[in-house]
Amino acid sequence: MAFLPTSYEEMKQAGLDSVDFVYICGDAYIDHPSFGCAIITRTLEAFGYTCAILAQPDWNKDEEFLQFGEPRLGFLISAGNIDSMVNHYSVNRRRRDKDNYSDQGIMGKRPDRATIVYSQVVRRLFPHANILIGGIEASLRRLAHYDYWDDAVRRSILIDSQADLLMFGMGENTIIEVADALNSGMKIQDLVYIRGTAWKTKSLDSIFDDYIVLPSYEEVKTDKYAYAKSFMIQHENQDAIQSKMLIEPYDGWYVVVNQPPLPLSQEEMDFTYSLPYERTFHPKYTYIPAIEEVQFSITSNRGCFGNCAFCAITSHQGRIISTRSVESVVEEAKTITKMKNFKGYIHDIGGPSANFSRPACDKQREYGACAKRECLWPRKCPNMKVDHSHYVEMLDAVRELPGIKKVFIRSGIRYDYLMYDQDDTMFDRLVQYHVSGQLKVAPEHVSAEVLDKMGKPRKELYFKFVDKFYQKNKQFNKNQFLVPYLMSSHPGSTLKDAIELACYLKKIHHTPKQVQDFYPTPGTLATCMYYTEMDPRTKKPVYVAKTYHEKLEQRVLMQYSYPKNYAIVKKALIKAGREDLIGNGPKCLIKTYPPRMVSKKKSSKKHIDK
């Protein structure tokens with residue numbers, strides 16, 4: 001079997017009596033390079049280490065955790081590809097009914113706060129084993145953080161999980177350095193020097209590196225100003241080259257966060273994606289919905305210098321772009337064409353931002369990203385080098401392969417970066433070859449005040465992009481459309497701003513089928529704003545829609561034309577003093593009187609909250 005063993009029986013069939021590592025994961029086992037579990041275990045395998053995968057164990061059954069015995073070097077524990085709380089709950093804190101990372105989408109195969117629960121079970125059953133936690137859940141909770149589901153500041157996950165070591169960021173180099181150190185006989189308590197790791201200690205006497213002591217956990221959990229101050233120090237120390245070691249005091253402990261891992265070189269990226277992935281889920285499953293979009297997709301880059309306030313990619317992957325060679329991407333595309341269920345369509349070639357295919361400027365390669373200056377906001381940095389040539393070459397090469405009918409770009413185009421390119425080659429290629437009828441872009445809002453809080457460009461640039469997109473469609477005789485991603489209730493968005501967005505939607509005759517309500521997740525600048533109600537960059541107050549009704553008003557205004565939303569929309573417009581938008585005029589959002597088919601019962605909030 002080409003898959004790594006997922007049970008004691010499979011381990012024996014592989015000729016193994018024990019393994020070096022047991023990887024415990026909150027997701028079902030999908031051996032595809034879009035999943036962290038697959039990348040880490042395949043990397044370990046390539047360096048000669050043996051792994052077993054314990055996917056979605058029942059945390060109430062000790063025998064599932066005991067089946068492989070104690071691994072020689074340690075347990076690797078991850079909640080999966082997304083935070084377990086985001087996976088389980090909607091923005092309204094309602095339990096979701098589907099888990100795309102579980103067999104047949106069945107919910108409930110992992111616990112809330114999976115990293116903590118799995119780690120505590122392992123610590124109880126194997127008190128002397130090495131426990132190493134990683135993945136997005138651990139990465140973004142490596143220090144004290146506001147937790148939306150508890151509505152409180154929680155401790156570092158390293159403390160709560162009882163783990164020995166936390167690995168954050170892109171982990172291929174980190175895991176091999178850790179594995180080699182443990183394999184050499186070093187104790188895990190001595191692994192205090194490795195980039196991309198966090199560890200805990202009771203004394204700082206042995207630390208001689210340059211470090212910053214953050215406000216203590218006791219301070220940040222009770223003082224929002226201290227929380228904002230701590231967050232900004234962390235935010236300005238995300239770069240692998242410029243950042244310093246961060247230390248957070250606890251009662252009796254210090255959590256120490258080393259510098260982030262260095263961005264992967266092109267050779268290292270190529271190596272990671274050349275490993276022998278099966279590119280699908282383990283045959284013991286019926287169907288894992290999460291494979292749908294990624295099975296025939298190719299990751300071409302990592303990192304993002306867009307740095308949107310509501311996104312945690314910078315905290316996890318960093319701002320410096322790592323990219324693959326054209327040859328590496330072509331080889332992966334050739335592998336995809338040989339898959340039995342491939343129908344000729346590459347669903348995506350991209351990354352966090354598809355068209356970021358080089359570092360933002362040349363100095364980043366040697367000196368890292370600026371700590372106190374953004375690349376694209378509030379305006380394009382004059383040092384930025386806008387260049388799509390590598391990405392264009394990659395797309396062209398894949399598109400020309402035998403068996404490829406179409407190559408789509410679905411991971412998201414950063415439209416401002418595209419507009420800054422003086423060469424229209426990428427724009428032309430996009431419109432000619434890479435849009436599947438509709439292109440999704442993310443202006444997120446139209447209000448200047450909200451966009452400033454988001455770290456997004458002003459609406460005028462987006463409008464120019466829209467005009468250019470449709471001009472290019474006409475030029476190439478295409479009939480393609482833009483679908484804007486828009487967000488309600490982002491910190492800084494008032495009722496006035498929500499109405500401005502609704503008026504824009506009316507102007508472009510677009511009603512979003514689904515509304516993206518701001519979700520405060522660990523690690524983001526916007527979540528800090530949400531909790532503290534201040535902008536940590538300026539310490540100035542920020543309006544935050546926190547109550548159910550405040551968020552509901554902003555959400556339904558984006559779908560003002562739905563009859564079931566009429567009563568709430570009208571009440572919101574009256575509240576804002578915008579009765580001019582009620583009536584029969586061309587700019588009015590709603591009529592004076594509700595549609596006949598809508599009763600008071602149907603317009604109640606329980607029908608709106610989805």
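Predicted model: local features only at pLDDT ≥ 70, side-chain atom pairs only at ≥ 80, totals over all residues.
Two of the helix pairs share helix H23, which spans residues 548-557. The crossing of H21 with H23 is right-handed. On the H21 side the contact is made by Leu 495, Ala 498, Ile 499 and Ala 502, and on the H23 side by Glu 553, Gln 554 and Leu 557. By class, the contact of H21 with H23 comprises five nonpolar residues, one polar residue and one charged residue.

H23 also packs with helix H24, which covers residues 566-575. The axes of H23 and H24 come within 9 Å and cross at roughly 110°. Because angles of 65 to 115 degrees count as roughly perpendicular, this pair is described as roughly perpendicular. H23 contributes Leu 552, Glu 553, Val 556 and Leu 557 to the contact, while H24 contributes Ile 568, Val 569, Ala 572, Leu 573 and Lys 575. Seven nonpolar and two charged residues make up the contact of H23 with H24, with no polar residue present. Glu 553 and Leu 557 of H23 take part in the contact with H21 and also in the contact with H24.

The remaining pair consists of helix H18, residues 425-433, and helix H20, residues 459-475. Their axes are 10 Å apart and the packing angle is about 60°, which makes H18 oblique to H20. The crossing of H18 and H20 is right-handed. Residues Phe 427, Asp 428 and Val 431 of H18 meet Phe 465, Lys 468, Phe 469, Lys 472 and Asn 473 of H20. The contact of H18 with H20 divides into four nonpolar residues, one polar residue and three charged residues.

Turning to the cavities, the structure holds four with a volume of 30 Å³ or more. The largest cavity has a volume of about 310 Å³. Its lining consists of 29 residues, and those nearest the centre of the cavity are Leu 143, Phe 231, Gln 234, Ser 315 and Gly 523. At least two lining residues of the largest cavity come from each of helix H10 (224-235), strand E11 (245-249) and helix H22 (525-532). H10 provides the largest share of this lining, with five residues. Divided by class, the lining of the largest cavity has 12 nonpolar, 13 polar and four charged residues.

The second largest cavity has a volume of about 220 Å³. It is lined by 20 residues, of which Pro 260, Pro 261, Pro 263, Gln 317 and Gly 318 are the closest to its centre. Helix H13, residues 313-317, gives the most to the lining of the second largest cavity, supplying four residues. This lining is made up of nine nonpolar, eight polar and three charged residues.

How values were computed. Residues numbered from 1 in each chain as written. Heavy atoms only, no water. Axes fitted to C-alpha atoms, helices over the stretch in contact; angles between N-to-C directions. Parallel < 35°, antiparallel > 145°, perpendicular 65-115°, else oblique. Left-handed = near helix turned anticlockwise from the far one by under 90°. Contact = heavy atoms within 4.5 Å. Nonpolar A, V, L, I, M, F, W, Y, C, P; charged D, E, K, R; others polar. 1 Å grid on protein atoms, 1.4 Å probe; cavity = no way out; pocket = protein on both sides within 12 Å on 5 of 7 lines; lining within 4 Å. Points joined across faces, edges and corners; volume = space filled by probe spheres on them.
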